[in-house]
Amino acid sequence: MEKIVILTGAGISAESGLSTFRDEGGLWSQHAIEDVATPEGFARNPRLVHDFYNARRANAGRVKPNAAHQALARLETEHPGEVLIITQNVDNLHERGGARGVLHMHGSLFGALCNACGHRWEAPPRMHPDDPCPACAAAATRPDVVWFGEIPYGMEVIDPALNAADLFVAIGTSGNVYPAAAYAQHCRRLGARTVELNLEPSANTRDFDERRHGPASRIVPAWVNEVLSA
Ligand code: OAD
């Protein structure tokens, strides 16, 4: 049975109404990465960082999954082999689109993490720097998202899945952030077929055997239909 590993990025949620990072007008043109997406930025100004993620959490709660999220959920249910969806996104649109086993390698807007004791809990709609940890009471609460300089989550699941993949598909990701940006090349070297589904060629488009360019809500359902009818 064909083992499929799917990597998604901000582009899959763009048509739901969430901003990407590097497109024109994207989040990184409005906010400095070093201020809002690094441990050092958080140490300097936790209120600014919480405000950034509070706003993104509110936006994510207001929008709906699109046809691309729903098509991947259908693939997960109907494909007779294994399907692993790895997302770099911190929204919950895959889950709200019906997917179950999604691995959030960059964490989630809906989680809170204590910087003092490592305890995790469900994030309230708005987080504040002085929110006490429910386990140790320290006022060291941060969003449970992975920042630059930190190790992504789930590598112990991701690495073996990449090694065993027959088909690797990257959707809506610009291929600029590692380690995710290296996955296509890694899988291809090990003999997997690689497919890119993106609005435009990504930074590592040469690592893909097949490339389809267009909006995710159109090209992802079409690709899923082909896989399920093959
Ligand atoms: P980017 O903003 O870097 O890339 C989004 C990609 O989606 C681009 O290649 C767009 O062309 C494409 N895209 C835009 N709209 C699309 C649509 N409707 N359909 C299909 N594709 C579309 O976002 P990511 O690659 O996800 O990490 O960024 C990776 C990581 O960089 C993020 O997880 C985040 C960021 O810094 C951290 O914050 C640690």
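Why does the ligand lie between domain 1 and domain 2? Both domain 1 (1-17 + 65-106 + 152-230) and domain 2 (19-62 + 109-145) give residues to the shell around the ligand, so it lies between them. The bounds of these domains come from an automatic or database domain assignment.

The model is predicted, so local features need pLDDT of at least 70 and side-chain atom pairs count only at pLDDT 80 or more, whereas totals for chains, interfaces and linings use all residues. Residues are numbered from 1 along each chain as its sequence is written, and side-chain values use heavy atoms, with hydrogens and water left out.

**The ligand and its shell**

The shell around the ligand holds 24 residues, of which Ala-10, Phe-21, Arg-22, Thr-173 and Ser-174 come nearest; a residue is near a molecule if one of its heavy atoms lies within 4 Å of it. By class, this shell has 10 nonpolar, 10 polar and 4 charged residues, where Ala, Val, Leu, Ile, Met, Phe, Trp, Tyr, Cys and Pro count as nonpolar, Asp, Glu, Lys and Arg as charged, and the others, Gly among them, as polar. The table lists distances from oxygen atoms of the ligand to polar atoms of the protein.

| Residue | Protein atom | Distance to a ligand oxygen atom |
|---|---|---|
| Ser-174 | N or O atom in the side chain | 2.6 Å |
| His-106 | polar side-chain atom | 2.8 Å |
| Gly-172 | polar backbone atom | 3.3 Å |

The protein covers 95% of the 790 Å² of accessible area that the ligand has on its own, as given by the Shrake-Rupley method with a 1.4 Å probe.

**Where the domains meet**

The centres of domain 1 and domain 2, taken over C-alpha atoms, are separated by 25 Å, and 14 residues of domain 1 are in contact (heavy atoms within 4.5 Å) with 14 residues of domain 2. Between the two domains about 970 Å² is buried, with carbon and sulfur atoms giving 55% of that area; buried area is the accessible area (1.4 Å probe) that two parts lose on being put together, summed over both. Ala-10, Val-90 and Tyr-153 supply 46% of the area that domain 1 buries against domain 2, more than any other three residues.

Methods:
A polar contact is a pair of N or O atoms within 3.5 Å; within protein, one must be able to donate a hydrogen and the other to accept it, and residues adjacent in sequence count only if both atoms are side-chain atoms.
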